[in-house]
Amino acid sequence: KALRQIHAHREDERRQRAEEQEAEDFENEMKMKVQESRTALSTHEDQDLAALARRRHAQEQLEGQLVDTA
């Protein structure tokens, strides 16, 4: 009877470790997805800022040409 209890206890411990590992793996996967999302958003923000800077520069160039011709 004692051996069965020991065996059952060990099985419970193994099951608990497996569940904890699964939860940790899931948590790490979610952290990676969040990081990937942030990276994607930041990349889009950088591209948007670069496009805005190009438009501003083009506008300034155009205004400079108009002043020169006036």
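Okay, the secondary structure here is quick to list: the chain has 1 helix and 0 strands. The radius of gyration is 30 Å, well over the 11 Å that the globule rule gives for 70 residues, so the chain is more spread out than a compact globule. And before I go on, please keep in mind that this is a predicted model.

To put a pair of residues on that, take R15 and A50, which are 35 residues apart along the chain. Their C-alpha atoms are separated by 52 Å.

So what about burial? How many of the 70 residues count as buried? The figure is 0%.

Now, charges. The chain carries 12 positive and 17 negative charges. If you take the mean position of each set, the two points are 11 Å apart.

Where do negative charges gather on the surface? Look at E19, E20, E22, E24 and D25, which form a patch of negative charge there. Let me pick out E19 from that group. E19 sits in helix α1, which covers residues 2-69. Its relative accessibility is 52%, so E19 counts as exposed, given that exposed means over 50%.

On to the pairs. Side chains of opposite charge can pair when their charged atoms come close. How many salt bridges does a search of the whole structure find? It turns up 4, and I'll walk you through some of them.

Start with R14 and E11. Their side chains meet in a salt bridge, at 2.3 Å from N to O. Both residues lie in helix α1, 3 residues apart, and that is about one turn of the helix. R14 is partly exposed, at 41% relative accessible area. E11 is partly exposed too, with a value of 28%.

Next along is R15 with D12. Here the closest N and O atoms of the salt bridge are 3.1 Å apart. Why are R15 and D12 about one helical turn from each other? Because they are 3 residues apart in helix α1. For accessibility, R15 is partly exposed at 46%, and D12 counts as partly exposed at 42%.

E27 is partly exposed, with a relative accessible area of 43%.

We have a predicted model of a chain with 1 helix and 0 strands, and 0% of its residues count as buried. On its surface there's a negative patch that includes E19 and D25.

How values were computed
Residues are numbered from 1 along each chain as its sequence is written. This is a predicted model: local features need pLDDT of at least 70, side-chain atom pairs count only at pLDDT 80 or more; totals for chains, interfaces and linings use all residues. Side-chain values use heavy atoms; hydrogens and water are left out. Helices (H or I, at least four residues) and strands (E, at least two) are DSSP runs, numbered from the N terminus. The radius of gyration is taken over C-alpha atoms; the globule rule is 2.2 Å times the number of residues to the power 0.38. Buried means under 20% relative accessible area, exposed over 50%, partly exposed in between (1.4 Å probe, protein chains only). Lys and Arg count as positive and Asp and Glu as negative; His and the chain ends are not counted. The place of a charge is taken as NZ of Lys, CZ of Arg, CG of Asp or CD of Glu. Patches are made of residues with over 30% relative accessible area and no salt bridge: like charges are joined within 9 Å, nonpolar side chains (Val, Leu, Ile, Met, Phe, Trp, Tyr) within 5 Å. Accessible areas come from the Shrake-Rupley method with a 1.4 Å probe; for residues, only the protein chains shown count as cover.
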